[in-house]
Amino acid sequence: MDQLFAMARPASPTAAAAPHVVHKIPSGDGPYARAKHFQLVEKDLDASIAWFWKAINTGDKVDSALKDMAVVMKQRGYLAEAIDAVKSLRHLCPRQSQESFDNILLDLYKASGRTKEEIELLKHKLRKIYIGEAFHGKATKRARSHGRKIHVSVRQETSRVLGNLAWAYMQQRNFMAAEVVYRKAQMIDPDANKACNLALCLIEQSRLADAEVVLGDVLAGRYQARDQQDGKIVRKVEELLARIMARTSPTGGGSAGDGRRGDDDDWVENEMLALLDVAVKQWAAPYRKSNRRLPVFEEISPIYREQMAC
């Protein structure tokens, strides 16, 4: 009887559509399609992981299966297992997918607190930008941001990776290295969020006056801020200024960061900074198609080329 009533009711467009259409699941009955069904329709994440494994083992959309499995594993809290899976199986996927796997690993390293490995991978991404592999000799590349396809320039990507590297140094409480990297990122493609992080870095080193100058520039609108409209940046500045006030008040004080130098400082100061000092001056250089190396790095001395190739 219930089935008759259901048949008699007019079906809505969503209800009439097949599940694989509504949830954007691949059609068919293969392992990958089943894994996506368990992930998106049944909401059984452990079952979806098992089917993603089967898809990888049987060669069914291995690239997508490995990416999706890592995402689901992160949702379930299987961070170490997800990292091991990506590192051991990424060789089965095409070359053009490797950058996506780098980004997945970075996300997993950050979530699991494996900062040292995160830093090493970020350095690797900077080296790839230097030799032209990240952009395949082009001035821009396509990327996704909040579901939208966008074009990212060498300048933007370099600054973004540097910002992530500086934040990783912050997690190690290596504030001196973080400050240097943030300043280089701001030289290339400044924005308000990295400026706030730089101010936090300065506060941790008890350089409160310098931090106030940086925050004043943010409030004066000297940096672009995608979050300016909803007030996120303004609230962040207010929170940092409150910290400065608390540190400067007679009853304040607080524990200053030690700003200690870490083992990575030599890399920051000797290799990357020498590279970026020249790169910042070369952004406007004309691109020559005959050379795959990006124009911003063409004037690097042979010594630094050898260092970065190592």
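This is a predicted model: local features need pLDDT of at least 70, side-chain atom pairs count only at pLDDT 80 or more; totals for chains, interfaces and linings use all residues.
Residues are numbered from 1 along each chain as its sequence is written, side-chain values use heavy atoms, with hydrogens and water left out, and local features need pLDDT of at least 70, while side-chain atom pairs count only at pLDDT 80 or more and totals for chains, interfaces and linings use all residues.

Q: Why is arginine 90 called buried?
A: Buried means under 20% relative accessible area, with exposed over 50% and partly exposed in between (1.4 Å probe, protein chains only); arginine 90 has a relative accessible area of 16%, so it is buried.

Q: What makes the pairing of the side chains of arginine 90 and aspartate 102 a polar contact?
A: A polar contact is a pair of N or O atoms within 3.5 Å, where, within protein, one must be able to donate a hydrogen and the other to accept it, and residues adjacent in sequence count only if both atoms are side-chain atoms; these two side chains make such a contact at 2.8 Å.

Q: Why are H12 and H13 called roughly antiparallel?
A: The axes of helix H12 (residues 192-204) and helix H13 (residues 208-219) cross at roughly 165°, and angles over 145 degrees count as roughly antiparallel (under 35 roughly parallel, 65 to 115 roughly perpendicular, the rest oblique), therefore H12 and H13 are roughly antiparallel to each other.

Q: How do you know that leucine 162 is buried?
A: Leucine 162, found in helix H10 (residues 154-171), has a relative accessible area of 0%, and because buried means under 20%, the word applies.

Technical notes
Axes are lines fitted to C-alpha atoms, for helices over the stretch in contact, and angles run from 0 to 180 degrees between N-to-C directions. Helices (H or I, at least four residues) and strands (E, at least two) are DSSP runs, numbered from the N terminus.
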